[in-house]
Amino acid sequence: MSPLTGEVTVTGFGVRTAFGTGAEALRRGVFAGVPSFAPTTRFDTGPYRTPMAGVAPEGPDAVEDWALRHALAQCGADALDMADLPRGSEAAVLLGIAGDCTSVTRYWRNADSETGVPEGAVDRLADAVPARLAELLAGGLGLTGPRLTFTNACVASAAAIIHACRLISSGRVDVAVCAGGYLVEEETFGKFDSGRALSKDGMVRPFSADRSGLLLGDGVAAVVLESAEHARRRGARPLTSIVGWGAATDAHHIAQPHPEGVGLTRAARQALRLAGDPDGATLGYVNAHGTGTKYNDGAETRGLRAAFPERAEAIPVSSTKSTTGHMLEAAGVVEFVITMLALMDGVLPPTAGFTTPDPECDLDYVPNEPRPADLHRALTINAAFGGANTALVLERP
Amino acid sequence: MTTTSTSTDKAALRSPLGILTATTATHGTGGDGDIALPRLPGFVESAFSPLAYEVAARCLTEYPGDGSRTAVALASLMGDTTTADLASRRVVSGKVHNPLLFMQATANSVLGHMSREFGITGQMFSLSTLDDPVTELLAMADLLLEDPELDRVLVIGIELGGSERLAAAYRELVGDGGRSVPDLPESAALAAAVLLGRPGADTPVTVTAAETSPHADGARHPGGVQGLFDLVAAHRRLPAEGGRLPVAPAFVLTADPHPPTNALP
């Protein structure tokens, strides 16, 4: 390897959401403002307050068919193909994931039954180990670089992208495949239900006065990041550049965001400083975290206002969780892909389900309908339990 | 990065690191140094978060600093498996989820608690590492300390004892490779924390990359934190003794002899 420092570019991606596989599925769903939510039949939703989730109608069942590792492998392969990056490349593999907890549920379902754990039932129990999934992804793609797995909840795959940016811009690696994955399953669904975080009306209505919570959604994606010089040398076409990144913590609460969004502001300002645009003058769009919860959306609005006070009202902000649902550890990388598509297509994905303005959410949220826009740069924001916040600034070549 | 047979960059550190302070804690292992599990409000049933907080708090209390210029990285094999198993068993038995288990299921929660108690607003994150996390964590600190907005990185490694489910996962991980499987009581936990900066007046012990690896770590079990414990032990000895000590798998600790510092137990 001959490390090449400098600008970080994106040369390929693969994505799968409740709308299906690939960019066209995102255009039909996310960019049309069509929510994906429907009653899930993956498990018995009877004990829970809602049966709704953003689950893919087709494809393998998440519980029985090891769908998470397969979806990661498929998205990784799609990303390599788009980037025209050969198998066997010395690319790092950076993953944001919690592990496949369906294997844990399956183990205890067997163990607590009268017959105990049958022979062979522990096969792939190690899929619950997040780092193992990075090894499997790298091995399946034949990538020989180092691997690292981030597990920090809803910023995990954004943290993986930020780490890749640091590795590439410092010259430690030339290429990194960053991925994340979450497929809706009962255990996490039940936890969010117990935390009373799930929407009451079967819709996610970010920034709307009648928002009542989030819904979970399937999401898996992989992106190929590489130094601009490396891409140029091998003739790869950059889809976008990553010109700024930031990460910061609220120092406020173990679960709730800071009410003024101070960590989000800090992360966004770091990213903008690195992008050489401390005031956000070049930003044309923000893909918000926008969970649709009472706590998040007001805090995020105030945090964005503080990040670029002179520009906040002029920059369209939307939450695509209104169509995909919350993809947890995968949210960062899937929303990164959505933001990249907005730049490439010149279309802002709307905030679906928006009905009623909320006085504490007073920005331009691109309500319900997509909007054409000639974008140069866009910001994507994620936040997580523990007050973790990430920000990435993307630029159209 | 995670060490693999095909990974090319084993020299984890580009620049030397300085150790500000370091500490370890064990609970329920049966060893002499075991401590009672510290009480941590909001965190129940599992040793993961209380012990992680204990070692972090010792370091951050010993060397208070600018929280806006401090980052924290926490590594473990698969997080709080005790909580994961409790939650999973409730699901399969048809019981209602416990919201406390929801909150503590992610390591972000204890990181958020640290953040609040010590005013840390830099990046905090958790990692899953198959092998001993010492290499990963020091490499991470080296990388983060190149960020002009950071000057301290607290790294933490946690290993939990666990259920038969965890043991089965370990057996699957080691396969036929000849590596050992950990043998810890179910309630046991081990934690180590090291507060790092660049070498300077406050850091009498310096960590550099070894020119040659002292020995391979292939015999160590998945999820183990012995490398971090070895690093902390070397840090305790060196300020008084001076000299150089190799720490597996790829580091050398160096100190000039002078009176012992206030290094933590």
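A crossing of two helices is right-handed if the near helix is turned clockwise from the far one by less than a right angle. Keep that in mind for the first stop in this predicted model.

Stop 1: Select helix H3 (residues 102–111) of chain A and helix H2 (81–92) of chain B. H3(A) passes H2(B) in a right-handed crossing. Two packed helices are described by the angle between their axes and the distance between the axes. Here the angle is about 60°, and the axes of H3(A) and H2(B) lie 9 Å apart. Angles from 65 to 115 degrees would count as roughly perpendicular; H3(A) and H2(B) are therefore oblique to each other.

Now show the side chains. From H3(A), pick Val104(A), Thr105(A), Trp108(A) and Arg109(A). From H2(B), pick Ala84(B), Ser88(B), Arg89(B), Val91(B) and Val92(B). Colour this helix contact by residue class: five are nonpolar, two polar and two charged.

Stop 2: Select strand S6 (residues 147–150) of chain A with S3(B). The two strands run antiparallel and pair over two bridges. Centre on Phe150(A): Leu127(B) of S3(B) stands opposite.

**Stop 3: the whole contact.** Zoom out. Chain B brings 56 residues to the contact, and chain A brings 57. On the chain B side, elements giving two or more residues include helix H3 (99–104), helix H5 (134–144) and helix H6 (164–174) of chain B. Which element gives the largest share of that side? Select H4(B): eight residues come from there. Finish by colouring the chain B side by class, which gives 23 nonpolar, 25 polar and eight charged residues.

Conventions
Residues numbered from 1 in each chain as written. Chains lettered and ligands numbered in written order. Predicted model: local features only at pLDDT ≥ 70, side-chain atom pairs only at ≥ 80, totals over all residues. Contact = placed C-beta atoms within 7 Å. Helix = DSSP H or I, 4+ residues; strand = E, 2+ residues; numbered from the N terminus. Nonpolar A, V, L, I, M, F, W, Y, C, P; charged D, E, K, R; others polar. Pairing = 2+ DSSP bridges. Axes fitted to C-alpha atoms, helices over the stretch in contact; angles between N-to-C directions. Parallel < 35°, antiparallel > 145°, perpendicular 65-115°, else oblique.
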